[in-house]
Amino acid sequence: MDHAADAHRTDLMTITRFVLNEQSKHPESRGDFTILLNHIVLGCKFVCSAVNKAGLAKLIGLAGETNVQGEEQKKLDVLSNEVFVKALVSSGRTSILVSEEDEEAIFVEPSKRGKYCVVFDPLDGSSNIDCGVSIGTIFGIYVVKDGIEPTLHDVLQPGKNMVAAGYCMYGSSCTFVLSTGTGVHGFTLDPSLGEFILTHPDIQIPKKGKIYSVNEGNAKNWDGPTAKYVEKCKYPKDGSSPKSLRYIGRYPIFST
């Protein structure tokens, strides 16, 4: 993709326009998903702004609580959770919200309910906040069974039942990656416009790569095949160059 040429384009594909285009392919759609996604995007913009000025606003540090994973909550964790809960409830399109920061699921009051369940981590990797390392929001969306009072069974479904999933990464740039089941697309926030612009259409994993990513601190817990693979990355026996190690944060992705 020619990013230099894109900088001078006037026909920009925003995330809202992209979703509306996808919606038009389904005549039966009433726009509920588009409205929900717009509220998620708004939450991401708010958190992005908070992350960028965390030091100035004294949002770095502990909030004095722990989440359901037993992790100490940062001030930004708490703020981000509040932002997303309020954004999702106010969309009028959700029934159940499950956040990593809350011990119990949130059941939206009947007058504001919709047909979607959203599971999310409002600020993943928050232990990296003080280091200026990339952090992000992760979310997945399920549909509640029609005509049935929402229950926890509506969110205790396999991932293949999700109607959409994605993440927003806050770093040197703010990137929103989304899949609705027909490919993966990446959008970058243009601060001057306040809009996410399509910059990485149809993202795909390359068949081969030169980088591997892993937390070596967990090496003692690896199974045999994993340990063997990492050893092969570092010391290839076929005469090829070793792969480069790139790891930051807590959740590595192997590149083969």
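Start by selecting helix α5, residues 224-234, which contains Lys 232; helices here are DSSP runs of H or I with at least four residues, strands are E runs of at least two, and both are numbered from the N terminus. The model is predicted, so local features need pLDDT of at least 70 and side-chain atom pairs pLDDT 80 or more, while totals for chains, interfaces and linings use all residues. Residues are numbered from 1 along each chain as its sequence is written, and side-chain values use heavy atoms, without hydrogens and water.

Stay on Lys 232: its relative accessible area is 57%, so it is exposed (exposed is over 50%, buried under 20%, partly exposed in between; 1.4 Å probe, protein chains only).

Patch residues have over 30% relative accessible area and no salt bridge, with like charges joined within 9 Å and nonpolar side chains (Val, Leu, Ile, Met, Phe, Trp, Tyr) within 5 Å. A salt bridge is a Lys or Arg side-chain nitrogen within 4 Å of an Asp or Glu carboxyl oxygen.

Next, select Leu 156, in the loop between β6 (135-143) and β7 (164-170). Leu 156 is exposed at 66% relative accessibility. With Phe 107 and Leu 152, Leu 156 makes a nonpolar surface patch of about 310 Å² (Shrake-Rupley areas, 1.4 Å probe, only the protein chains shown counting as cover for residues).

Last, select Cys 44, which is buried at 0% relative accessible area. The closest cysteine sulfur to that of Cys 44 is in Cys 168, 3.9 Å away and too far for a bond. A disulfide is a pair of cysteine sulfur atoms within 2.5 Å, and the count by this rule is zero.
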